[in-house]
Amino acid sequence: MSSFYEEEFPVQFMCNPVHEIMFTQDEIEELFSLINQPVDPSSPESGSQGSNRVVYSTHERKIRRMQSNRESARRSRWRKKRHVENLNNDVNRLKMENRELKNQLGLTMQYNLMLSAENQRLKSESISLLARLLDLNRTLGIIISQ
């Protein structure tokens, strides 16, 4: 009985690797080569006794780890750069908002001073008119009483 994976057609992917997965190009090619290897059921490495794992020397593991660390550092620098850019954008936006609020506060304070002056003028006019009314009431009282 033959399985789908034992056919002679190797698996081929026609898309570009996604860099967000964090694999290097060499790692991706190695994974594809493992997928494309035909499985021989009579091989002593097939079944539960064998393994498809690739054994790397200490030097190769060290090189792969260094490459992985470099890629991780590159991604970390990129994230930090994006974070700093976002913070700078926030600072600029907040500075503009602060400037607009200061302008609004200045206009509001000017309007408040203008209204306070108008209010004071109206109070003075009210007191003057009240005094005049009282004077006219006295005059009218004198005229009526005669």
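Seven salt bridges were counted, each defined as a side-chain nitrogen of Lys or Arg within 4 Å of a carboxyl oxygen of Asp or Glu. The model is predicted: local features need pLDDT of at least 70, side-chain atom pairs count only at pLDDT 80 or more, and totals for chains, interfaces and linings use all residues. Residues are numbered from 1 along each chain as its sequence is written, and side-chain values use heavy atoms, with hydrogens and water left out.

Glutamate 85 pairs with arginine 82, with 3.2 Å between the closest N and O atoms. These residues are three apart in helix 2, about one helical turn (helices are DSSP runs of H or I, at least four residues, numbered from the N terminus). Glutamate 85 is partly exposed at 31% relative accessible area, and arginine 82 is partly exposed at 39% (buried is under 20%, exposed over 50%, partly exposed in between; 1.4 Å probe, protein chains only).

Glutamate 71 and arginine 75 form a salt bridge at 3.8 Å, N to O. Both lie in helix 2, four residues apart.

Arginine 93 bridges to aspartate 90 at 3.8 Å, N to O. Arginine 93 is partly exposed at 45%, as is aspartate 90 at 35%. Elsewhere, salt bridges with shared partners link Glu71, Arg74 and Arg75 into one network.

Serine 68 also sits in helix 2. Its relative accessible area is 35%, partly exposed. The C-alpha atoms of serine 68 and threonine 24 are 7.6 Å apart, although 44 residues separate them along the chain.

Note on methods: Helix = DSSP H or I, 4+ residues; strand = E, 2+ residues; numbered from the N terminus.
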